[in-house]
Structures are given as C-alpha cells and as structure tokens.
Amino acid sequence: MNNDKTIRLDHELAQCIEKWGWKYHHLGIPTHVHRENERYLPPFHFFVSGFETSPFGIEWMRFEEGSSIPELVQTVPHIAFEVADLDYELANHAFNVITKPNPPSDGVRAAMIEHNGAPIELIEFTGQEK
C-alpha cells in the first residue's frame with residue numbers, strides 16, 4: 001500500500017480489506033418498490049430481497065413507516081463487510097456507530113457505522129458455517 005496514508009492509489013485495496021482483513025458481504029439498496037420473494041424482518045419493520053440470488057451480493061431493502069432503522073440507512077445505499085470480531089472492530093476504531101450490535105437473524109451480529117455520510121454495516125457470523 002502507498003506510504004502516504006491519506007492517498008489511495010487506483011490499484012490499491014481499501015484499508016479495511018488490506019489492513020484490517022474485512023471481507024465484502026453485500027450492498028444494501030433502499031427501495032420503495034415491492035420486489036418478488038421479499039422476506040420480512042419483524043423487529044426492524046422492513047423487507048429484504050435479492051441477496052440469495054444475486055451473484056454480486058445485492059440486497060434490496062424496503063422499509064415500513066415507523067421502522068427503527070436510522071434514516072441514513074433507509075435512504076442511502078450501504079456496503080456491508082464481514083468481520084471476525086465485531087466488538088473488537090468497534091472498540092479499536094473511532095467509528096461513528098449509528099446502530100449498536102444486534103442480532104438480525106440467528107447466528108449473526110451486526111452494527112451500522114457512518115463514514116463521511118455513508119452507512120457501513122459490519123457483520124459477524126457466530127456459530128454458523130460460512
């Protein structure tokens with residue numbers, strides 16, 4: 001990686017991948033359109049679809065009125081990364097945490113952070129085959 005910590009060259013990987021070991025998981029895109037095969041997440045009052053069949057990890061998210069998910073996540077696409085230890089990542093970086101760690105499904109812990117106006121999801125898999 002480039003020695004200048006403020007400039008990343010075109011061919012270089014993002015710091016979170018190269019230095020921190022994070023892995024791309026999905027891209028979440030908010031929508032108002034009902035999509036085929038939506039799955040409802042009752043605790044969060046929104047629907048997800050597409051992830052299971054997308055070769056690129058695209059996940060569509062349609063929110064109900066009154067969803068507890070931050071407005072930033074409801075209106076701006078987010079990128080999600082798999083991390084080995086969610087608590088470690090949150091404790092060892094000066095992140096702006098907008099959603100504290102929570103279990104969106106069995107064997108999964110997730111938190112949302114914000115960086116330069118962009119939502120970023122960190123996901124830890126616990127006790128599941130990857």
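These are my notebook entries on one predicted protein model.

**Ground rules.** I number residues from 1 along each chain as its sequence is written, and my side-chain values use heavy atoms, with hydrogens and water left out. As the model is predicted, local features need pLDDT of at least 70 and side-chain atom pairs count only at pLDDT 80 or more, while totals for chains, interfaces and linings use all residues.

**Elements.** I looked up the secondary structure first. The protein chain has 3 helices and 8 strands. Both are DSSP runs numbered from the N terminus: helices are H or I with at least four residues, strands are E with at least two. Read from the N terminus, the order is α-β-β-β-β-α-β-α-β-β-β.

**Overall size.** The C-alpha trace spans about 45 × 30 × 25 Å along its principal axes.

Buried means under 20% relative accessible area, exposed over 50%, and partly exposed in between, with a 1.4 Å probe and protein chains only. Next I looked at contacts (heavy atoms within 4.5 Å). Of those with a separation of 6 or more, 51% join residues 24 or more positions apart.

**Cores.** I then searched for nonpolar cores. Such a core is a set of buried Ala, Val, Leu, Ile, Met, Phe, Trp, Tyr and Cys residues joined through side-chain atoms within 4.5 Å. The largest one has 10 residues, among them Cys16, Trp22, Phe81, Leu86 and Ile113. Helix 3 (86-92), strand 7 (108-115) and strand 8 (118-125) each give two or more residues to this core. A second, separate core of 9 residues includes Leu41, Phe46, Met61 and Phe63.

**Leu86.** Leaving out residues up to four places away in sequence, Leu86 touches Pro101, Arg109, Ala110, Ala111, Leu122 and Glu124.

**Ile29.** Is Ile29 buried or exposed? Ile29 is buried, because its relative accessible area is 19%. Ile29 lies in strand 1 (residues 23-31). With residues up to four places away in sequence not counted, Ile29 touches Ile58, Glu59, Trp60, Met61 and Pro77. I also checked Val73, which is 44 residues from Ile29 along the chain. The C-alpha atoms of Ile29 and Val73 are separated by 8.8 Å.
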